[in-house]
Amino acid sequence: MTEEGKEQVGTAPEVVVRCAACSKTFAPDLKLKTDPWYCPHCEAKNPNLRRLYRGVADVFILGLFFALVFFVRRLSQLGPAAPRTWISGFWILFLLFGVIRIYRAKAPWRDGVARTLIWLVFVLVFILNVIVRLFFLSSQDVALVIGSAIVYGIVFIYILWVLKVSRRAMLPEQ
Ligand SMILES: [Zn+2]
């Protein structure tokens, strides 16, 4: 904990962001669910970072459904002792940890663990679902690989945008 953090024990430390339009800082309303954050100095719309990160967590939740289907299938076909069943189980826990971490964070864009997790999940999913499939490509799989590459491309652009927007909103000392 930093010196500043110690001083603020007892009161919730204020979360401030930098306005994309006028560069002044302000404390956003973290309870806002859908609206953008309006800068009190210049009225400019700033993206609601908390909502954007929860959007990434929602993509993880979607991934969790697929992971559960794979896990149940492997459990019934390979049994509980098979390494592939274990990998599926660990993957579910990993995604769950990410979702909980992002949803519980007051300011997830300042949480280095959450940011690293987002990258890790994306890179692992991309390697396993696109790169590995390319090596074992059969003619029926081509559409599947192209389809998933497009989906991951869109998700990748979204994640890049979220990280770029949050870097812009962060103060240098964060
Ligand atoms: Zn402003």
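Which residues does Ile-102 touch, not counting those up to four places away in sequence? I looked this up before anything else. Ile-102 touches Tyr-53, Arg-54, Val-56, Ala-57, Pro-108 and Ala-114. A contact here means C-beta atoms, placed from the backbone, within 7 Å.

**Model and confidence**

I am working from a predicted model, where local features need pLDDT of at least 70, side-chain atom pairs count only at pLDDT 80 or more, and totals for chains, interfaces and linings use all residues. Residues are numbered from 1 along each chain as its sequence is written.

I checked pLDDT, the predictor's confidence in each residue, from 0 to 100. The protein averages 84, and 90% of the residues score at least 70. Confidence is lowest in helix H1 (residues 3-7), with a mean of 42. Strand S4 (residues 45-46) has the highest, at 94. Over residues 1-10 pLDDT stays under 50, and the model has three contacts beyond four places in sequence for them. Where pLDDT is low, predicted coordinates should not be read in detail.

**Layout**

I listed five helices and four strands. These are DSSP runs, numbered from the N terminus: helices are H or I with at least four residues, strands are E with at least two. From the N terminus the order is α-β-β-β-β-α-α-α-α.

I then looked at burial. A residue is buried if 20 or more other C-beta atoms lie within 10 Å of its own, exposed if 12 or fewer, and partly exposed in between, again with C-beta atoms placed from the backbone. Of the 174 residues, 18% count as buried. Among contacts with a separation of 6 or more, 47% join residues 24 or more positions apart.

**Helix H2**

The buried residues of H2 are Leu-49, Arg-50, Tyr-53, Val-56, Ala-57, Phe-60, Ala-67 and Phe-71. Their cover includes strand S1 (17-18), helix H3 (83-104), helix H4 (112-135) and helix H5 (142-169). Gly-79 follows H2, with a positive phi near 90°.

**The core**

I looked for nonpolar cores, sets of buried Ala, Val, Leu, Ile, Met, Phe, Trp, Tyr and Cys residues joined through C-beta atoms within 7 Å. The largest has 19 residues, and Tyr-53, Val-56, Ala-57 and Ile-102 have the most contacts inside it. H2, H3, H4 and H5 each give two or more residues to this core. H2 gives the most, with seven.

**Helix H4**

H4 has 24 residues and reaches 33 Å from first C-alpha to last, close to the expected 34 Å. I found a kink of about 35° in H4, centred on Ile-127. The bend is the angle between axes fitted to the seven residues ending at a residue and the seven starting there. Buried in H4 are Ala-114, Arg-115, Leu-117, Ile-118 and Val-125. Their cover includes H2, H3 and H5.

**Two exposed positions**

Where is Lys-31 placed? I found Lys-31 in the loop between strand S2 (25-26) and strand S3 (37-38). Lys-31 is exposed because 6 other C-beta atoms lie within 10 Å. Its C-alpha is 9.1 Å from that of Arg-50, 19 residues apart along the chain.

Gly-147 is in helix H5. Gly-147 has 10 C-beta neighbours inside 10 Å, so I noted it as exposed.

Methods
Contact = placed C-beta atoms within 7 Å. Expected span 1.5 Å × (residues − 1).
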